[in-house]
Amino acid sequence: MQLKDKQLGKRLALATTALLGAHGQAQAADGDWLVSSALLYYSESDDRVEAVEPVLNLRREYEDGSALNLRVVYDSLTGSSPNGAAIANVPQTFTSASAADRLADASAEELAEYGSRGSYTVAAGELPLDPSFEDSRGVLSAGWTQPLSNNYTLNVGGSYSSEGDFTSMSANAAIAKDLNNKNTTLSLGVNLEFDSIEPNGGIPVALSTYADHTTAGSDDTKQVVDMMFGVTQVLNRRWITQLNLGFSQSSGYQSDPYKILTVVDNGNLITDPNNPDSYLYLYENRPEDRQKLSLYWQNKVAIGSEDAVDIGYRYMTDDWGVNSHTLDLTYHWQPLEHFYLEPHLRYYTQTAADFYEPFLNAGDEVDISGSTVTALVAEASSDPRLAAFSANTYGLKAGFPLAQDEEISIRLEYYQQQDDNSTKAVAAGSNLDGMPQFTELEASWIQVGYTFRW
Amino acid sequence: MIRLITRSLLVLLTLAGISACAGVKPWERDLLAKPQMELDSDPLQTAFDEHIYFSKEASSGGRGFGGGGCGCN
């Protein structure tokens, strides 16, 4: 019934526009929802993280130029994540606080099936991965675009995201001004984000021992303020360029509560003085404040009548010591009206954060006096995301535009990191001697999408 | 960092300045109006990629507001 009404409505609208002499096709689409849907499957090599992520985006544009945008994302993650400990030439056993906490209330059946996840052993020469990584995330976001007088446009929006141990809320507003016959657009935006984290097993005390798992409360928070200033400029009939300057300030709990660091004595693992069953590992600690500055420059150039080149470059620097360059290149090749191909290349390189350490040395970085273990560094993390590396992405997308605002697409991307860290010295013949200190991540993802008017 | 902000603002202002003499007439927008010429021609794809890179690299944002909404452990 609803469908019939809708079709009748469309016919009436068409008849009305015909009577008024308006352009029927343009008017028929007015008021409809533009539905964009996509499904992503992401997979890392060596049985690491696997994710399935469906997303649905609804957009409705109104006659006065205003628009409503709604988005729902669901994210399901499984697999293993590096726990931060160093690769050694001996087996290492870890008792996962997060898994142990989850298993505390488990039934006998669940224990039989998942009990091994509470404690896991990593073979000699293998990267220590926590196998209990499992999470799902849901995101809801909404945005409203409102044209104002004097060529100003206002955008406001908000987003809510929730996963097992993490909740994030954000609100944003941006104002844009069109100048010079709409050939220039200046924009200024601000985004406020409030995050709260409630890790399984609580918030570990910074740089405290893994086996003790002393906690400092059950949850913590982080706030982020982002500001962005942008200029978009049409240079000629074929070339449009955009330059953004972004500033970000985050403060609060920024550590990863599940990540640890190995403590070694001349490259050899040490038995935890308080827990003879475990080697000595410390929970990581990151600074509470971070300021980031980014410069982004994008160019779109039309080639011939249907092709286009997209070249983007981003420079980012922060006060953690990370500097990065990103170069992104996509070519839109459209040999047919209903078919195009987009080869994609991305190059990324970053320096390590000042406090990135693949492991800590007893003596100058960690003091061990009897059974007392004291970190002599204020901050330390072995998170590979904070290490020095470069990465290449190769992608290919095939698109089938079926009609105006209707398209099917499929895309495949392949990502490979390369280690750029200088090796931290270890004694010859020790447990860490000859072991990789950074593991190069390899991942690929496939995305299918369908966009249509409804 | 202050110097970088100043320099970036200078670049932006210069670009805004030269823009007064650049651009096209409305009837010359035939190519710019094509979907493949939109600055973000596939927002869902952009969001997926930004989320992936945010969870594997230390950088985020630039194009829009970066990262967020993810513990990414």
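**Ground rules.** I'm working with a predicted model, where local features need pLDDT of at least 70, side-chain atom pairs count only at pLDDT 80 or more, and totals for chains, interfaces and linings use all residues. Residues are numbered from 1 along each chain as its sequence is written, chains are lettered from A in the order in which they are written, and side-chain values use heavy atoms, without hydrogens or water.

**Entry 1, the patch.** I looked up a nonpolar surface patch of about 860 Å² on chain A; A:Leu39, A:Tyr41, A:Phe400 and A:Ile446 are among its residues. Patch residues have over 30% relative accessible area and no salt bridge, and nonpolar side chains (Val, Leu, Ile, Met, Phe, Trp, Tyr) are joined within 5 Å. Areas come from the Shrake-Rupley method with a 1.4 Å probe, and for residues only the protein chains shown count as cover.

I then checked A:Leu39, which is found in strand E1 of chain A. A:Leu39 is partly exposed, at 40% relative accessible area (buried is under 20%, exposed over 50%, partly exposed in between).

**Entry 2, the interface.** I found 52 residues of chain B in contact with 94 residues of chain A (heavy atoms within 4.5 Å). The two chains bury about 6,000 Å² between them, 59% of it on carbon and sulfur atoms; that is accessible area (1.4 Å probe) lost on being put together, summed over both parts.

Next came the 6 salt bridges between chain B and chain A (a side-chain nitrogen of Lys or Arg within 4 Å of a carboxyl oxygen of Asp or Glu). I looked at A:Glu44 and B:Lys56, whose side chains meet in a salt bridge at 2.7 Å, N to O.

How values were computed:
Patch = residues over 30% accessible without salt bridge, like charges linked within 9 Å, V, L, I, M, F, W, Y side chains within 5 Å. Helix = DSSP H or I, 4+ residues; strand = E, 2+ residues; numbered from the N terminus. Buried < 20%, exposed > 50% of the residue type's maximum accessible area, 1.4 Å probe, protein only.
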